[in-house]
Amino acid sequence: MSGCYKDLLGRIKIVAPHVAWSHCCIHRQSLAAKSLPDSLKEVLNQSVKVVNFIKANSTNTRLFKSLCGDMDSLHTTLEDRITHGGQVPSNRTPIEVYTDGSKINDQTGSAFCVIANEAITKTWKAKLRPANTVFQAEMLALKAAIEWANTANEDVNIWSDSESRIQALKSFNVKSKITQEAQMTLLENARIRLDWVKAHIGIKGNEIADTLSKEATTDGIPASLPFPKSFLKKQLLQLSLSHWQAEWDNGETGRSVYSILPKISNKQLHWSRECIQFATGHGPFPSYLKRLSLHSTYYCGCGEIGNPLHYETRCPLTLSYHHKEPSPQFIVHWWKSALSRKLSRQNIDNLITFLATNEDLIKCQNTTPSHTAA
């Protein structure tokens, strides 16, 4: 809240006593509307309802546009001047602008060219930072082309082979500053039109723009754009994984799992609950239950220490679930192999289920082992 004593305003005045405070323009308009005469307030309310009705669906919008045309009233939107026909129409304007963006070997370039009377009259190239995306490069080229066309004082067609960028310019639900600035320029100048054209179908201007954008990756003028969210997310992920790996390498717990999975990853392993119990040893095993005082001994009913490897390879009570016992030097490889193969994981699931449902069977009846612990 923006209270002047205990909330935001009050806290700010503690630091800056002479600060000036004002509500946002929408709030001020709302406050002013409360004191309007009832007749004027009713007019505004009806106007809001009419606008909402027109914008409710595309059919209403088209009908309203048709009505404005019948009444010779101006009704121009970005949608009227941004199309995506896919090919150059016959009624071309004297000035055609083609834009493109490229990313080659982590180098990003943006470019446009102006063609008038079949001759190239202007070219523009910009080199972005490696972290910038092709989307940013192509949108920068469109923005630069729109700004140039705004100064031409003539009818100008701007062509792009990126349909997604054309659609972004038609939408007002965008947060990109470049896109918003391009939209504002378009709204101010009705002589600029945008269209989508198919790439690599032999259109001269588009091929030239494509070549220029590739050249811009090495010799374009430097252009600084904010890093995209995707890049920042990737950097944060890499940093998090790096810290996680360091903690995993230097940790004191989970060493049995570390021998199986020394490298951390954010990719799912598709291990079941039973496989996790088997890998960590935190399951229906006497060697684990004894530590929690849930079992009287570390030993299985057959007399050996009841750990996961014992039940999977040696215990006569679980003979139908056995895998071949590995040699000591291949134990780590055995664990990795057992948990990486689907059939082995299913066998482990069945083993853990058997141990959990037959706890009395595997309990050692005396605390003295009959075999030497492995």
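Helices and strands are DSSP runs, at least four residues long for helices (H or I) and at least two for strands (E), numbered from the N terminus. The views below show a predicted model.

**Figure 1. Overview of the protein chain, with its 17 helices and seven strands.** The chain has 374 residues, and 36% of them count as buried. Its accessible surface comes to about 23,100 Å², and carbon and sulfur atoms account for 56% of this area. When contacts between residues at least 6 apart in sequence are considered, 60% of them join residues at least 24 apart. Searches of the whole structure give nine aromatic pairs and nine salt bridges. Some of these are shown in the close-up views that follow.

**Figure 2. The loop between β2 and β3, with N105.** Strand β2 covers residues 95-104 and strand β3 covers residues 107-116, and N105 is found in the loop between them. N105 is not a glycine, yet its phi is positive, at about 50°. Most residues other than glycine have a negative phi. N105 counts as exposed because its relative accessibility is 71%, above the 50% cut-off for that class.

**Figure 3. The loop between α13 and α14, with S293.** S293 is another non-glycine residue with a positive phi, here of about 60°. Its loop runs between helix α13 (286-289) and helix α14 (308-313). The relative accessibility of S293 is 66%, so this residue counts as exposed.

**Figure 4. Salt bridges of R314 with E304 and E325.** Side chains of opposite charge can pair when their charged atoms come close. E304 and R314 meet through their side chains, with an N to O distance of 3.0 Å. This pair links distant parts of the chain, ten residues apart: E304 is in the loop between α13 and α14, whereas R314 is in the loop between α14 and α15. R314 also forms a salt bridge with E325, and here the closest N and O atoms are 3.1 Å apart. E325 and R314 both lie in the loop between α14 and α15, so their pair ties together parts that are eleven residues apart in sequence. E304 counts as buried, at 14% relative accessibility. R314 is partly exposed, with a relative accessible area of 22%, and E325 is partly exposed as well, with 42%.

Figure 5. K143 is buried, with a relative accessible area of 13%, whereas E147 is partly exposed, with 37%.

**Figure 6. A salt-bridge network of K125, E215 and D219.** The view shows the side chains of K125, E215 and D219, which salt bridges link into a network.

**Figure 7. The aromatic cluster of F278, W334 and W335.** A pair of aromatic rings is described by the distance of the centres and the angle of the planes. Among the nine aromatic pairs of the structure is the one between F278 and W334, with 6.5 Å from centre to centre and 50° between the planes, which makes it tilted. F278 belongs to helix α12 (residues 273-280) and W334 to helix α15 (residues 331-340), so the pair ties together parts 56 residues apart in sequence. F278 and W334 are both buried. With W335, F278 and W334 form one aromatic cluster.

**Figure 8. Arginine side chains over aromatic rings: R129 with F227 and R255 with Y258.** R129 places its charged end over the ring of F227, at 4.2 Å from the ring centre. R255 lies over the face of Y258, and the distance to the ring centre is 4.5 Å.

**Figure 9. A nonpolar surface patch of L8, I12 and V19.** The patch made by L8, I12 and V19 has an area of about 210 Å². V19 is found in the loop between helix α1 (8-15) and helix α2 (25-34). The relative accessible area of V19 is 33%, so V19 is partly exposed.

Definitions and conventions: Residues numbered from 1 in each chain as written. Predicted model: local features only at pLDDT ≥ 70, side-chain atom pairs only at ≥ 80, totals over all residues. Heavy atoms only, no water. Patch = residues over 30% accessible without salt bridge, like charges linked within 9 Å, V, L, I, M, F, W, Y side chains within 5 Å. Areas by Shrake-Rupley, 256 points an atom, 1.4 Å probe, with all protein chains shown as cover. Salt bridge = Lys/Arg side-chain N within 4 Å of Asp/Glu carboxyl O. Buried < 20%, exposed > 50% of the residue type's maximum accessible area, 1.4 Å probe, protein only. Contact = heavy atoms within 4.5 Å. Phe/Tyr/Trp six-rings, centres within 6.5 Å; stacked < 30°, edge-to-face > 60°. Lys NZ or Arg CZ within 6 Å of the ring centre and 35° of its normal.
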